[in-house]
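Grab a pencil and work through these exercises with the structure open beside you. Try each task before you read its solution.

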Amino acid sequence: MPRTTSLSSSSADHYSKFKKTKTPFLPFPLSHQQPRRPLPIIVFSAFCLFVGIARIAFSLCRPPPKPVPVFRYGCTQDTFSSFYSFPTARRPKLLGFVGIQTAFSSSDRRAALRSTWFPSDPDALLRLEQATGLAFRFVIGRSKDAKKMAELEKEVEQYKDFMLIDVDEQYLKLPYKTLAFFKAAFELFEADYYVKADDDIYLRPDRLATLLAKERSHSLTYIGCMKKGPVITDPKLKWYEKSGHLIGSEYVLHAYGPIYVLSAEVVGSLAIARNNSLRMFSNEDVTIGSWMLAMNVHHEDNRAICDPRCTPTSIAVWDIPKCSGLCNPATRMKELHKISMCSKSPTLPPDDR
């Protein structure tokens with residue numbers, strides 16, 4: 001057992017010979033006693049204590065934080081997911097996922113679509129998905145403009161029909177957005193086919209579903225209106241290709257950009273591609289075409305998805321070759337929808353197409 005020091009009462013309370021005050025007995029020499037703290041340290045400690053209390057009081061009194069913004073950086077979001085009856089951790093199984101590529105400046109196009117072939121409320125959107133096996137979402141990236149993001153948040157809250165992807169929304173970066181779209185779509189949906197479409201085409205979802213439901217012997221499939229053409233090397237022209245020297249005088253066979261389809265196996269390969277591992281050209285449709293050539297896919301040319309007018313077999317209608325989509329789409333979309341051949345003609349079975 002450790003030693004203990006017992007102090008006698010006489011030793012503990014002896015009197016100084018020179019003073020009448022009572023002096024306590026110290027068991028250790030004075031040199032071992034802690035010196036008194038100087039006044040500046042005490043003042044500084046008190047100041048720190050005051051600052052800490054003030055910060056706590058401020059945190060309790062400040063207003064609650066603002067709601068989380070509609071877009072979370074580093075994430076992809078399906079704003080419609082809450083309308084599914086199964087857990088959101090599960091990827092919905094579909095015949096096809098259709099991403100309608102849109103921009104912050106295209107609210108009038110989205111309004112025109114919602115007043116024609118694209119359902120304007122979540123219940124109708126879900127019914128269309130159940131009837132066709134196709135899920136439809138507007139696809140948009142992010143902006144540094146707080147006002148644009150606030151307006152988007154209001155639209156998302158009202159319609160719940162967006163897929164938000166983690167990429168800067170810029171026209172000059174459409175190839176990057178397209179790759180980000182396919183990666184996000186593959187992450188969120190388990191579909192047999194993934195469709196990239198623009199917000200300036202008139203689409204028949206029932207006929208698109210019929211096209212995708214056809215049996216195919218190729219698991220790597222690329223469906224679209226295929227084309228070739230001379231490489232534009234003049235910087236003054238609209239479709240200028242700054243990397244044209246890598247391509248040659250003519251583009252490889254590729255689909256027109258307003259709408260095309262990739263099978264699940266093709267998109268799965270794109271989804272696992274490392275960032276910056278794929279060549280990006282100036283034009284999005286050419287970029288996709290170059291990837292498809294490297295992946296040895298089957299090119300399926302289908303003119304029904306680039307029809308300049310409504311016919312009994314048209315799937316997608318747009319003003320080819322005058323415009324890369326509908327000219328003046330917000331107006332033309334509504335005009336086409338009033339034509340019975342566009343909106344009310346029956347869906348034809350695959351063998352009749």
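## Exercise 1: Strands side by side

In β5, G99 has K196 as its bridge partner. Keep in mind that this is a predicted model.

**Task.** In which sense do β2 and β5 run, and how many bridges join them?

**Solution.** 
- Step 1: β2 and β5 run parallel, and 8 bridges join them.
- Step 2: Now look at the pairing of β2 with β3. These two are also in the parallel sense, over 6 bridges.
- Step 3: Carry on to β4 (residues 162-168), which runs parallel to β3 with 4 bridges between them. Here F138 stands opposite F162 in β4.
- Step 4: Jump to β7 and β8. They run antiparallel and are joined by 5 bridges, and the bridge partner of G224 in β8 is Y260.

**Task.** What is the order of the strands in the open sheet, and which strands stand at its edges?

**Solution.** 
- Step 1: The open sheet has 8 strands in the order β1-β4-β3-β2-β5-β8-β7-β9, and its pairing is mixed.
- Step 2: β1 (77-78) and β9 stand at the edges, and each has a single partner strand, so one side of each has no neighbour in the sheet.

## Exercise 2: How enclosed are β2 and β3?

**Task.** How many residues of β3 are buried, and how many of β2?

**Solution.** 
- Step 1: Use the cut-off: a residue is buried if its relative accessible area is under 20%.
- Step 2: In β3, 9 of the 9 residues are buried, so this strand is largely enclosed by the rest of the structure.
- Step 3: In β2, 8 of the 9 residues are buried, so β2 is largely enclosed too.
- Step 4: For the background, buried residues make up 43% of the 353 residues in the protein.

## Exercise 3: Rings that meet

**Task.** Are the rings of F97 and F189 stacked or edge-to-face?

**Solution.** 
- Step 1: Know what to look for. A pair of aromatic rings is described by the distance of the centres and the angle of the planes.
- Step 2: The structure holds 14 aromatic pairs. For F97 and F189, the ring centres are 4.3 Å apart and the planes are at 20°, so this pair is stacked.
- Step 3: Find where they sit. F97 is in strand β2 (residues 93-101) and F189 is in the loop between α6 and β5, so the pair ties together parts 92 residues apart in sequence.
- Step 4: Check the burial. F97 has 0% relative accessibility, so F97 counts as buried. F189 is also buried, at a relative accessible area of 0%.

**Task.** What about W117 and F136: are they stacked or edge-to-face?

**Solution.** 
- Step 1: Their ring centres are 5.8 Å apart and their planes are at 70°, so the pair is edge-to-face.
- Step 2: W117 lies in the loop between α3 (107-114) and α4 (122-132), while F136 lies in β3 (residues 134-142), so the pair ties together parts 19 residues apart in sequence.
- Step 3: Both W117 and F136 are buried.

**Task.** Which residues do ring pairs link into a cluster, and where does R114 lie?

**Solution.** 
- Step 1: The cluster is made of F97, F181, F182, F189, Y222 and Y260.
- Step 2: R114 lies over the face of Y159, 3.8 Å from the ring centre.
- Step 3: R91 lies over the face of F186, at 5.1 Å from the ring centre.

Technical notes:
Residues numbered from 1 in each chain as written. Predicted model: local features only at pLDDT ≥ 70, side-chain atom pairs only at ≥ 80, totals over all residues. Heavy atoms only, no water. Buried < 20%, exposed > 50% of the residue type's maximum accessible area, 1.4 Å probe, protein only. Phe/Tyr/Trp six-rings, centres within 6.5 Å; stacked < 30°, edge-to-face > 60°. Lys NZ or Arg CZ within 6 Å of the ring centre and 35° of its normal. Pairing = 2+ DSSP bridges.
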